[in-house]
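Subject: Structure handover

Hello,

Here is the structure I promised to pass on. Please open it alongside this note, and then read what I found.

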Amino acid sequence: MSTNVVSSPDAPLAEQFAEEVAMNLDFEIEQQGADGAWSPNFSWGDQHPEAWKIARREWQARITLRTLRTLRDFGRIETV
């Protein structure tokens, strides 16, 4: 069950799919890059390489923020 469907512990299906959500959260943690960010799982191939560098960083920021918020909401990371 994707955390896009069950995005918080209060989501309607969170309890019903608790095991699947936990597995997905583990997977998301494993996908974190060495730089601490999460990257898009797609690319533009060889098209517009200079624009892709910029777009990729913007996607990384959005994906990383969303993932960190989800992990926080499910108590999978410590907060300050």
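One cut-off first: a residue counts as exposed when its relative accessible area is over 50%, as buried when that area is under 20%, and as partly exposed in between. By that rule, Lys53 is exposed, and so is Glu50. Please keep in mind that this is a predicted model.

**Salt bridges**

The structure holds three salt bridges. Lys53 and Glu50 form one of them, at 3.5 Å from N to O. Both residues sit in helix α2. They are three residues apart, about one turn of the helix.

Arg76 and Asp26 also pair through their side chains, at 2.2 Å from N to O. Arg76 lies in the segment after α2, while Asp26 belongs to helix α1, so this bridge ties together parts that are 50 residues apart in sequence. Arg76 counts as partly exposed, at 31% relative accessibility. Asp26 is partly exposed too, at 34%.

Asp73 and Arg72 make another bridge, at 3.0 Å from N to O. Asp73 has a relative accessibility of 35%, so it counts as partly exposed. Arg72 is partly exposed as well, with a value of 41%.

**The core**

Which residues make up the largest nonpolar core? There are nine: Val6, Ala11, Ala14, Val21, Leu25, Trp38, Ile63, Leu71 and Phe74. Helices α1 and α2 each supply at least two residues of this core. In soluble globular proteins, nonpolar side chains tend to be buried together.

**The surface patch**

Some nonpolar side chains are on the outside. Phe42, Trp44 and Trp59 form a nonpolar patch on the surface. Together they have about 290 Å² of accessible area. Trp59 is part of helix α2.

**A backbone detail**

Most residues other than glycine have a negative phi. Where is His48 found? It is in the loop between α1 (18-30) and α2 (49-73). His48 is exposed, because its relative accessible area is 54%.

Best wishes

Definitions and conventions:
Residues numbered from 1 in each chain as written. Predicted model: local features only at pLDDT ≥ 70, side-chain atom pairs only at ≥ 80, totals over all residues. Heavy atoms only, no water. Helix = DSSP H or I, 4+ residues; strand = E, 2+ residues; numbered from the N terminus. Buried < 20%, exposed > 50% of the residue type's maximum accessible area, 1.4 Å probe, protein only. Patch = residues over 30% accessible without salt bridge, like charges linked within 9 Å, V, L, I, M, F, W, Y side chains within 5 Å. Areas by Shrake-Rupley, 256 points an atom, 1.4 Å probe, with all protein chains shown as cover. Salt bridge = Lys/Arg side-chain N within 4 Å of Asp/Glu carboxyl O. Core = buried A, V, L, I, M, F, W, Y, C linked by side-chain atoms within 4.5 Å.
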